[in-house]
Amino acid sequence: RHHYKLTFNAPKGSYNSYQLVIKNEKEELIQAGIFFGDVYLFMGQSNMSYGLRALEKSEYYKKEVEKHMVFALQINEAKYDSEGNIIRPFMEMEDIDEKFKFERISSSNCLDYSGLTIETLVNLSKKVNYPVAGIINAIGGVSIDAFICREEILHDEKVLKFLKDTGKFIEKPRKNFNTFKFANYTQMSGLYNEKVYPFKDL
């Protein structure tokens, strides 16, 4: 498997559809249905992860999503151990699990997405008048250190002391990652490695 990075001057956000063509002497790859707009990262705890169906205005936004072009990428949990505990990568991942894809939000699927995300995206789309998208990696009950990279933690005395005092500091990631059983989901830098770092270039 190879990793490639393509950089170009993107057009201004609009509802115009483009296609990306990549070719060499032997093959040609075409990706159609490309739109240019804004992408936002939605992180947080349970108040961010609650589905649209939990909001009082759910029926209103269910109709509104049909009037606007909004997309979402919901990054759910990807891996578990034999006991059902979540497994986080101890190193920064270059990409998210391939089973997670952007999806256009419609009245038929919007209720299953984060309510705050859908509400925000619809209102942003109204304001800018072009496509907007949200990457959702909110997880209920996580602590902030799960979203922070290891290097930042090591240079923050208060956070470092807190993690050491509470037994959450991971001295040797390769050896000690995913040893917290049920609490694996909120271990130090776990969410950063898996669900934040892959989007560093956005």
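**Cores, a central strand and salt bridges**

Lys168 is buried, with a relative accessible area of 18%; buried here means under 20% relative accessible area, exposed over 50%, and partly exposed in between, with a 1.4 Å probe and protein chains only. The model is predicted, so local features need pLDDT of at least 70 and side-chain atom pairs count only at pLDDT 80 or more, while totals for chains, interfaces and linings use all residues. Residues are numbered from 1 along each chain as its sequence is written, and side-chain values use heavy atoms, with hydrogens and water left out.

Lys168 forms a salt bridge with Asp145, and the closest N and O atoms are 3.2 Å apart. A salt bridge is a side-chain nitrogen of Lys or Arg within 4 Å of a carboxyl oxygen of Asp or Glu. Asp145 lies in the loop between β6 and α4 (150-154) and Lys168 in the loop between α5 (157-165) and α6 (173-176), so the pair ties together parts that are 23 residues apart in sequence. Helices (H or I, at least four residues) and strands (E, at least two) are DSSP runs, numbered from the N terminus. Asp145 is also buried, at a relative accessible area of 2%.

The structure holds 10 salt bridges. Another of them joins the side chains of Glu94 and Lys200, at 3.4 Å from N to O. This pair links distant parts of the chain, 106 residues apart: Glu94 is in the loop between β4 and β5, and Lys200 is in the segment after α7 (190-196). Glu94 is partly exposed, with a relative accessible area of 47%, and Lys200 counts as partly exposed at 40%. Lys161 and Asp165 meet in a salt bridge at 2.7 Å, N to O. Both lie in helix α5, 4 residues apart, or about one turn of the helix, and both Lys161 and Asp165 are exposed. A network of salt bridges links Glu77, Arg88, Glu194 and Lys195.

The nonpolar residues come next. A nonpolar core is a set of buried Ala, Val, Leu, Ile, Met, Phe, Trp, Tyr and Cys residues joined through side-chain atoms within 4.5 Å. The largest such core has 17 residues, of which Leu52, Val65, Ile105, Cys110, Tyr113 and Ile118 touch the most other members. Two or more residues of this core come from each of β4 (70-74), α3 (115-128) and β6 (132-136), and α3 gives the largest share, 3 residues. Leaving aside residues up to four places away in sequence, Val65 touches Ile105, Ser106, Ser107, Cys110, Ile118 and Val122, where contact means heavy atoms within 4.5 Å. A second, separate core has 11 residues, including Ile86, Ala146, Cys149 and Tyr185.

Strand β4 can be followed residue by residue. Of its 5 residues, 5 are buried, so β4 is largely enclosed by the rest of the structure. Val70, Ala72 and Gln74 point one way from the strand, Phe71 and Leu73 the other way, and all are buried. β4 pairs with β6 in the parallel sense over 5 bridges; two strands pair if DSSP finds at least two bridges between them. Within this pairing, Leu73 has Ile135 of β6 as its bridge partner. Strand β5 (residues 103-104) is joined to β4 by 2 bridges, and these strands run antiparallel. There, Ala72 stands opposite Glu103.
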